[in-house]
Amino acid sequence: MAEGALVQKFLAKVRSLSPVDAMFAANQQAIDLVRTVLLAKDAPVGQSPKRVVWHKNKAQLYHYSRTTEATRKTAVFCIMPLINRAFIFDLRPGQSFVEYLLSQGHEVFLLDWGEAGDEDQDIDLTTLITKYLPRAARKAAQLSGGPLTILGYCIGGALATCFTALQSDTLCKNLILFTTPIDFADAGQFGTWTAEGVFPLELLTETFPAVPSTFPDVGSKMLAILPSTIGQYAKLEEKLRDPKFDVAGWQAMYRWVSDGVPFPAAAYRQWISEFYQQNKLVKNTLELDGKPVRLANIVCPLLNVVATSDAIAPRPTTAAILKYVGSTDKSELVVKGGHVGIVTGKAASTDLWPKVGQWLAAHD
């Protein structure tokens with residue numbers, strides 16, 4: 001139901017009550033709503049057992065624990081976005097992509113970039129892709145005993161793509177991308193807002209050594225202002241009256257959505273300038289540490305996962321990868337939903353995860 005209709009429905013119900021009943025009902029609903037939102041900051045998340053097996057500066061590589069021996073030969077190495085908490089892949093028991101991969105017999109590694117501070121202002125994408133990623137991946141390959149399936153989500157997918165293009169197939173056996181922008185020629189609203197001559201990129205990165213998470217967060221909310229602001233609370237108010245509503249699940253997701261991490265200024269400047277504004281990756285002009293990054297050098301099997309209703313990484317940006325890579329084994333999986341919902345929403349465990357699991361089994 002649309003957010004405006006929900007608000008009207010709530011007001012109509014209040015008007016139908018006596019003044020005293022209406023006062024108590026409204027007060028109790030307001031208390032329940034506020035309690036649910038405030039307690040979300042402490043919602044249990046990222047509970048799958050794991051240990052840190054490598055670290056550099058703020059970045060940590062997690063190796064998730066298994067209770068039985070792995071039955072798959074190829075470990076999955078997950079690369080997360082720079083602006084989000086890494087626990088989105090391990091939101092909570094029963095709603096965890098990591099948990100699913102473990103159940104399918106895989107060794108699972110996840111690179112958490114950590115929380116950048118002002119002291120990290122000079123860390124750029126070149127450093128992350130050519131210094132951090134190779135060392136973390138080699139550690140994962142050493143512990144798992146073989147090449148890896150590289151899996152990147154959103155910005156993490158763009159980093160994974162560049163990393164794979166620079167590596168040999170002895171380290172990268174497969175590449176999986178989740179809602180990953182690659183071609184920025186038609187990048188939707190984000191492309192318009194960050195256009196050269198319009199977006200104050202230099203001023204922003206000179207002012208903030210670590211660009212606050214509120215900047216990309218506000219941008220995301222502006223893509224759908226009503227649903228992402230008052231609309232979500234109107235919808236929550238209605239759901240709270242349903243005894244079957246999963247309050248804990250809502251709180252875990254709200255905690256993730258509301259708690260981003262800062263973006264190192266140099267990395268942010270390079271992301272906006274070289275990817276969004278200059279579109280260097282698909283123009284074959286991107287160089288990292290003096291090495292050309294060529295999508296045609298990616299020859300390993302590729303699975304490109306895109307969402308039907310993705311305003312953050314719209315289809316023109318995500319679909320392009322297939323025509324640029326050198327892989328002969330390449331496919332696209334179109335999943336109904338949005339940028340985040342397809343990964344960890346209600347239908348993820350019955351839609352995206354099993355389909356990815358089948359692809360992984362066929363490429364083990």
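This is a predicted model: local features need pLDDT of at least 70, side-chain atom pairs count only at pLDDT 80 or more; totals for chains, interfaces and linings use all residues.
Residues are numbered from 1 along each chain as its sequence is written, and side-chain values use heavy atoms, with hydrogens and water left out.

**Cavities**

A search of the whole structure finds 2 cavities of 30 Å³ or more. A cavity is a set of points on a 1 Å grid over the protein atoms alone where a 1.4 Å probe fits but cannot get out, and lining residues have an atom within 4 Å of a point. Points are joined across faces, edges and corners, and a volume is the space filled by probe spheres set on them.

| Cavity | Volume | Lining by class |
|---|---|---|
| Largest | about 130 Å³ | 9 nonpolar, 2 polar and 2 charged residues |

Of the 13 residues lining the largest cavity, Lys58, Trp113, Ala116, Leu128 and Pro264 lie nearest its centre.

**Helix H4**

Helix H4 comprises the 20 residues 125-144; at 1.5 Å a residue it should span 28 Å, and its end C-alpha atoms, 26 Å apart, agree with this. Helices are DSSP runs (H or I, at least four residues) numbered from the N terminus, and the expected span is 1.5 Å times one less than the number of residues. At leucine 133, shortly before proline 134, H4 has a kink of about 35°, the bend being the angle between axes fitted to the seven residues ending there and the seven starting there. Just after H4, glycine 145 adopts a positive phi of about 85°.

Key
Helices (H or I, at least four residues) and strands (E, at least two) are DSSP runs, numbered from the N terminus. On a 1 Å grid over the protein atoms alone, a cavity is a set of points where a 1.4 Å probe fits but cannot get out, and a pocket is an open set with protein on both sides within 12 Å along at least five of seven lines; lining residues have an atom within 4 Å of a point. Ala, Val, Leu, Ile, Met, Phe, Trp, Tyr, Cys and Pro count as nonpolar, Asp, Glu, Lys and Arg as charged, and the others, Gly among them, as polar.
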